[in-house]
Every structure is written in structure tokens, then in C-alpha cells.
Amino acid sequence: MSLFKSLFLVITLLLSGAALAATSVDINAADTKTLETLDGVGPSKARAIVEYRQANGPFKSADDLGKVKGIGQKTLDANRDRISVGGVKGDTAQKKATAKN
């Protein structure tokens, strides 16, 4: 029975890790710990993302993440399906104004 419990625990941990990896990360709202869940992003890159966001405002697209020092195309491509960009309110207002004209 102990082997069964151990196997069950391993399977449960693997499934929970897969669920975490599939979670979307809003690069405009995420803290450093959340940003570290992205592939290739450790503590220093996560801090660089937050610092860039604070200095330059919210990211408008996932591609803007490539403007952060230390984030290259490889890291961006590895995470593209998990990156979301929320909180860009100015974009919506601009689109509405443009649509009226």
C-alpha cells in the first residue's frame, strides 16, 4: 500500500506542476514570483521586467517583453502561449476614438 500512496503522490505533484505551467501570466500585473514561473525567467530577469514596467508603463503586447534587458527572442518564444497583457486602458480608448472618425 505504501508504494501505491507514493505513486499517487508523484502523479498528483506532476499534474499540479503541469497545471501551473499552463497558467497565463499577465506581464503587466504579475509580481516577481509569478514572473519566475515563465521558462527562462529567474529572479534577476523577473526584477528587470518589473523595473522596466515601472519605468516605461504597461506592456502593450507580448513582443514588448523583448525590450527588457536579458529577455531574448528564445525566452519570448518559449513563453508566448502563456503571456497575457492586461491593464492597457489607453489602447481601448484610442481604438474607440479612431473607430468614430
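## An aromatic pair

Phenylalanine 59 has a relative accessibility of 1% and therefore counts as buried, a class that covers residues under 20% relative accessible area, with exposed meaning over 50% and partly exposed in between (1.4 Å probe, protein chains only). Tyrosine 52, at 23%, counts as partly exposed. The two rings form a stacked aromatic pair, with 5.6 Å from centre to centre and 15° between the planes; rings of Phe, Tyr and Trp (its six-membered ring) pair if their centres lie within 6.5 Å, and planes under 30 degrees apart count as stacked, over 60 as edge-to-face and the rest as tilted. The count by this rule comes to one aromatic pair.

## Basis of the model

The model is predicted, and local features need pLDDT of at least 70, side-chain atom pairs count only at pLDDT 80 or more, and totals for chains, interfaces and linings use all residues. Residues are numbered from 1 along each chain as its sequence is written, and side-chain values use heavy atoms, with hydrogens and water left out.

The pLDDT, which is the predictor's confidence in each residue from 0 to 100, averages 80 for the protein, and 68% of the residues score at least 70. Over residues 90–101 the pLDDT is below 50, and this stretch has one contact in the model beyond near neighbours in sequence, where contact means heavy atoms within 4.5 Å.

## The nonpolar core

A nonpolar core is a set of buried Ala, Val, Leu, Ile, Met, Phe, Trp, Tyr and Cys residues joined through side-chain atoms within 4.5 Å. The largest one here has 17 residues, and those with the most contacts inside it are Leu35, Ile49, Leu65, Val68 and Ile83. Helix H3, residues 43–56, gives the most to this core, with four residues; helices (H or I, at least four residues) and strands (E, at least two) are DSSP runs, numbered from the N terminus.

Leucine 35 lies in helix H2 and, at 0% relative accessibility, counts as buried. Setting aside residues up to four places away in sequence, leucine 35 touches Val25, Ile27, Ala30, Val41, Ala46, Ile49 and Val50. Under the corresponding exclusion, the contacts of isoleucine 83 include Val25, Ile27, Leu38 and Leu65.

## Helix H3

In H3, Ala46, Ala48, Ile49, Val50 and Arg53 are buried, and the buried residues of this helix pack against helix H2 (32–35). H3 is followed by glycine 57, whose phi is positive, near 90°.
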